[in-house]
Amino acid sequence: MKIAVVGTGYVGLVTGTCFAETGVDVTCIDIDERKISQLQQGIIPIYEPGLEEMVKRNVKNRRLHFSTSLPDVINDVEIIFSAVGTPPDEDGSADLRYVLDVARTIGQNITRYTLVVTKSTVPVGTAAKVRRTIQDELDKRGVDVDFDVASNPEFLKEGAALKDFMSPDRVVVGVDSPRAQALMERLYKPFMLNSFRVIFMDVPSAEMTKYAANAMLATRISFMNDIANLCERVGADVMKVRAGITSDSRIGNKFMYPGCGYGGSCFPKDVKALIHTGIENGYHMRVVEAVEAVNENQKTVLFHKLVQCFGSAESLRGSRIALWGLSFKPETDDMREAPALVLIGQLVEAGCELSLYDPIAMTEAKRRLSGVEGLTFAPDMYSALDGADALVVVTEWKEFRVPVWEQVAHHMKGRSVIDGRNIYDYRELNAAGLSYFSIGRDSRMA
């Protein structure tokens, strides 16, 4: 079986590589010539555990190919996955220009039946737009070529994407013809051999499923952050509250950790797009709107805790603040919508000098923060603390989990440690002469 995957970003590259791993002949396509050249040399543009090895293995076995031209392969493949970016517009809606560009290219070049699958996260109704765009191009050519459009949203967690793809909780496929379903069943047959669930449904329902899933997960995060903020005000310990409520099987413990807000390429963008879809259809997604508002506020919590530690925002001026963790979550170098970026912006504006460290995202951070004054990029976690008046832990990387607190205290000038992910025991820090502040807990009882 031969397929093409258009777009070699996070979703496209993981999708193409994992299908190649099951024996499918895959060509990944991107208009970025430099990126394709690097991929052909085995240079991976993103960090994802295990991905580099899998790419190299499948390239070596001639199951995975890279190209800058969709027309060159379009009539050699049975399925074309569209996995291009859908960045948010200023109003929060998903920008579909790249998705529709792919559709136009398909309509301008196909000569035989093709199944077009939207893998990008797109609003309900996008598949219909893709279908119209392809048909318009076929009409311009004066040809009659049969094709189908399906939806196959991704549910990959950055940092665990290969496992999620190869051992999925479920695979959602939206189709509107038996022929399309038969092709997708054939493609996903290796996954069904182990009783992995492939759920077929209509196309609009598949498109909505992706947004609904991410909105629910984002809701759980914002709910716990809301509870955490109230816990601080009433003297409760949010971690004890969490243990009490997540033991209920109806609630469970996934995505129920308080912290300094969610980020990344999915939740912020998808929540905004779902809100916009509701407005377009005359309905306000009041719960989802509140989820977004809580999260935007939560990204400022660490700055306000620093202000409390120093007594005022003015007292922060000239201080040196160390940050551990820059990516939006562990096991990725992705800094899109990362809480660290909000905190860095606030601290720079307040006149602070910053010492930054992240195990993986340093290159990405230097790119994003190029030109920002007052930043030092440290070579390791302890060097970042040299002369620091306070430490803020923003991302819960494993190497931050059990630091030597005496060494932390030795490097730091100040005594304050603000834990944005609630991963430490206050007694250990206090024993080293450090003051501990966390989310949703009295620092004396954390």
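Contact here means heavy atoms within 4.5 Å. The structure described is a predicted model.

Under that criterion, and leaving aside neighbours within four places in sequence, N253 is in contact with R220, R242 and T246. N253 lies in the loop between α10 and α11 (267–280). Its relative accessible area is 39%, so N253 is partly exposed. Separation along the chain and in space was also examined for this residue. N253 and A313 are 60 residues apart in sequence, and their C-alpha atoms lie 36 Å apart.

Two of the contacts of N253, R242 and T246, belong to helix α10 (residues 238–246). Viewed down the axis of α10, the buried residues fall within an arc of 60°, so they line one face of the helix. These buried residues pack against α9. The N-terminal end of α10 is capped by D237. A side-chain oxygen of D237 lies 2.9 Å from the backbone nitrogen of M239.

Helix α9 spans residues 203–234 and contains K210. The relative accessible area of K210 is 3%, so this lysine is buried. A polar atom of the K210 side chain lies 2.7 Å from the backbone oxygen of E154. Beyond its neighbours within four places in sequence, K210 is in contact with T121, P153, E154, F155, C266 and D270. One of these, F155, also meets an arginine. R170 lies over the face of F155, at 3.8 Å from the ring centre. The charged end of R179 sits over the ring of Y113, 3.6 Å from its centre.

S177 is buried, because its relative accessible area is 14% and the cut-off for burial is under 20%. The side chains of S177 and D148 are joined by a polar contact of 2.8 Å.

The model holds 10 aromatic pairs. Among them is the pair of Y262 and F267, which is edge-to-face. Their ring centres are 5.7 Å apart, with 80° between the planes. Both Y262 and F267 are buried. W405 and Y424 form another edge-to-face pair. Here the centre-to-centre distance is 4.7 Å and the angle between the planes is 90°. W405 lies in helix α17 (residues 405–411), and Y424 lies in the loop between β13 (416–419) and α18 (426–431), so the pair ties together parts that are 19 residues apart in sequence. W405 is buried, with a relative accessible area of 5%. Y424 is buried too, at 7%. Ring pairs also link F19, F81, F165 and Y188 into a cluster.

Nonpolar packing was considered next. The largest nonpolar core has 60 residues. Within it, I321, L323, W324, L347, L391, V392 and V408 touch the most other members. Helix α13 (residues 301–310) supplies the largest share of this core, five residues.

D136 is found in helix α5 (residues 126–141). At 44% relative accessibility, D136 counts as partly exposed. D136 and A103 are 33 residues apart in sequence, with 9.9 Å between their C-alpha atoms. R57 is found in helix α3 (residues 51–60). R57 is partly exposed, with a relative accessible area of 36%. R57 and E21 are 36 residues apart along the chain, and their C-alpha atoms are separated by 8.6 Å.

Note on methods: Residues numbered from 1 in each chain as written. Predicted model: local features only at pLDDT ≥ 70, side-chain atom pairs only at ≥ 80, totals over all residues. Heavy atoms only, no water. Buried < 20%, exposed > 50% of the residue type's maximum accessible area, 1.4 Å probe, protein only. Polar contact = N/O pair within 3.5 Å; in protein donor to acceptor, adjacent residues only side chain to side chain. Phe/Tyr/Trp six-rings, centres within 6.5 Å; stacked < 30°, edge-to-face > 60°. Helix = DSSP H or I, 4+ residues; strand = E, 2+ residues; numbered from the N terminus. Lys NZ or Arg CZ within 6 Å of the ring centre and 35° of its normal. Core = buried A, V, L, I, M, F, W, Y, C linked by side-chain atoms within 4.5 Å. Arc of directions from axis to C-beta.
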